[in-house]
Amino acid sequence: MLTDALEHLVRGIVDSPDDVDVRRRSGRRHDVLQVRVHPEDLGRVIGRAGRTAKALRTVVTALPGGENVRVDVVDTDRR
């Protein structure tokens, strides 16, 4: 549910919604939601001074089950 909600939010922000990919990874202390977007949309998802990324993290944390999840925006050029 969290991955679907985050994917829906990110698709509304970017110019290339078909390139949005959100994956859930299990970590030691918490799960990680990795967000991958088209390289040209990376700045839109991060936002000025990281405000958009911070807002996405806040929304995910407010959802049921989101308190133990971390959101990472992954740079697709550095795979």
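Q: Which residues of the largest nonpolar core touch the most other members?
A: Leu6, Val10, Leu33, Val35, Val37 and Val60, out of 15 residues in that core. A nonpolar core here is a set of buried Ala, Val, Leu, Ile, Met, Phe, Trp, Tyr and Cys residues joined through side-chain atoms within 4.5 Å. Buried means under 20% relative accessible area, exposed means over 50%, and partly exposed lies in between (1.4 Å probe, protein chains only).

Q: What kind of model is this, and how are residues numbered?
A: This is a predicted model: local features need pLDDT of at least 70, side-chain atom pairs count only at pLDDT 80 or more, and totals for chains, interfaces and linings use all residues. Residues are numbered from 1 along each chain as its sequence is written, and side-chain values use heavy atoms, with hydrogens and water left out.

Q: Where does leucine 6 lie?
A: In helix 1, which covers residues 2–13.

Q: Is leucine 6 buried or exposed?
A: Leucine 6 counts as buried, because its relative accessibility is 0%. In soluble globular proteins, nonpolar side chains tend to be buried together.

Q: And what does leucine 6 touch?
A: Val22, Leu33, Val35, Leu56, Val60 and Val71, not counting residues up to four places away in sequence. Contact means heavy atoms within 4.5 Å.

Q: Which residues does leucine 33 touch?
A: With residues up to four places away in sequence left out, its contacts include Leu2, Leu6, Val22, Val60 and Val71. Arg23, Arg24, Arg70 and Asp72 are also among them.

Q: New topic. How many salt bridges are there?
A: A search of the whole structure finds five. A salt bridge is a side-chain nitrogen of Lys or Arg within 4 Å of a carboxyl oxygen of Asp or Glu.

Q: Which residue forms a salt bridge with glutamate 7?
A: Arginine 11, with the closest N and O atoms 2.7 Å apart. Both lie in helix 1, four residues apart, about one turn of the helix. Arginine 11 counts as partly exposed because its relative accessibility is 31%.

Q: What about arginine 24?
A: Arginine 24 forms a salt bridge with aspartate 31, and the closest N and O atoms are 2.9 Å apart. Arginine 24 is partly exposed at 41% relative accessible area. Aspartate 31 is partly exposed too, at 22%.

Q: In what order do the three strands form their sheet?
A: The order is 1-2-3, in an open sheet with mixed pairing. Strand 1 (21–26) and strand 3 are the edge strands, each pairing on one side only. Two strands pair if DSSP finds at least two bridges between them.

Q: In which sense do strand 2 and strand 3 pair?
A: Parallel, over six bridges. Helix 3 packs on the sheet, touching strand 2 and strand 3, and its direction makes about 150 degrees with that of strand 3. Axes are lines fitted to C-alpha atoms, for helices over the stretch in contact, and angles run from 0 to 180 degrees between N-to-C directions.

Q: Last one. What is phi of alanine 49?
A: Near 60 degrees, a positive value in a residue other than glycine. Alanine 49 sits in the loop between helix 2 and helix 3. Alanine 49 is exposed, with a relative accessible area of 75%.

Technical notes:
Helix = DSSP H or I, 4+ residues; strand = E, 2+ residues; numbered from the N terminus.
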